[in-house]
Amino acid sequence: MTTTQTSVVHDLGTLAHRLSHPARTPCVCEPPQVLADRPDGTVVRSGAIVAKAHAADTDRAALTARIALAAAPQLAGILLPPLTAPEPAAPTARPVTLWPLGAPVDPTDPGAAPWAEAADLVARLHRTEPPFPLPPMRGPAKAARAVARMRAALRGDAITPPRDLAVEPGDAPAPPRDPAVLSVLAGWRALPAWARGEAPALRADALCHGDLHLGQLVRHPAPDGPWLLIDMDDAGVGDPAWDLGRPAAWYAAGLLAPEDWSTFLDAYRAAGGPAVPADGDPWPALDVPARALTVQTAAVALAKCAAEQRDPDDHEQLMIESCARIATLPPELATGPAS
């Protein structure tokens, strides 16, 4: 951990402890616990309080709107509401938000994964009218950042598309081409522009989470309260199908069991979710988001592999192989009557 990271973690821990610990009482608290420490978010817990430092380049006006969304009465019972900051200035240069502690999904018990509850929450989110103007959902932008992260992690080695490999006289030989990276880039280029964050989405009429997966659910109050959605960094108005894209991608790649996928999709439809038809084939709506999130997942995996100097594990390899298949498909499935 760098000196800057250590300072951020310390400051967040101090802030969370100050909120969690009664003033002028003997302190028997455990040390603050780092829950996550990534460039896009450092999360530290002290007692029942969680402090999050958002990315340094966060659009603060957009973040303010997203945090207000989590606090809106219309979203009660769907989104975990934030806590009010105790002071106008955050203790770090990065914007900071404060949250009550929730109990996350247990990663060691996949059989208890709350797929139906997640689907019900996201369907209710999609059905809620935006209570005030909001920025666009950041899902496609997040996918683009994942591809940029992969490129940066590999420092350009092995990621030059074939058409760019011409060597001018006197140049060094072209770098070797890694088939895995080229598959991810080919899958990325095969996506329509809106899914790469390069054009407005064809549909942008729903409240969206923007980064839905099981890590975005907690029980509150912990440990047995109702499930709620957390992490509003990518929320906004957009195509609701994006929020179904990650479980759809996992199912298509063989990482999500068919019965879990059916549970999720059936619960979403039963709750009146607008992203897919009420019956029939959901894939014309889900195909592009599923492909984009496959590429995003594979790009992040390759960036991590480069940083950790290791080969992809079995799950990462499945997503990379899916990118190779995606690259052979047309940009979008033809729409028509559900099969």
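Three strands form an open sheet in the order β5-β7-β8, with antiparallel pairing (strands are DSSP E runs of at least two residues, numbered from the N terminus; two strands pair if DSSP finds at least two bridges between them). Because β5 (103-104) and β8 (227-229) each have a single partner strand, they stand at the edges, and one side of each is left without a neighbour in the sheet. This is a predicted model, in which local features need pLDDT of at least 70 and side-chain atom pairs count only at pLDDT 80 or more, while totals for chains, interfaces and linings use all residues. Residues are numbered from 1 along each chain as its sequence is written, and side-chain values use heavy atoms, with hydrogens and water left out.

- β5 pairs with β7 (residues 217-219) in the antiparallel sense over 2 bridges.
- P104 has V218 of β7 as its bridge partner.

**Strand β3 and its partners**
- β2 (residues 41-46) pairs antiparallel with β3 over 6 bridges, and S46 stands opposite I49 in β3.
- In the β2 and β3 hairpin, with 2 residues between the strands, G47 takes a positive phi near 60°.
- β3 and β4 run antiparallel and are joined by 5 bridges; A51 has L98 of β4 as its bridge partner.
- In β3 (residues 49-54), 6 of 6 residues are buried (under 20% relative accessible area, 1.4 Å probe, protein chains only).

**T97**
- T97 lies in β4 (residues 96-100) and counts as buried because its relative accessibility is 9%.
- Residues that T97 touches (heavy atoms within 4.5 Å), not counting those up to four places away in sequence, are V50, A51, K52, H54 and I67.

Key:
Helix = DSSP H or I, 4+ residues; strand = E, 2+ residues; numbered from the N terminus. Buried < 20%, exposed > 50% of the residue type's maximum accessible area, 1.4 Å probe, protein only.
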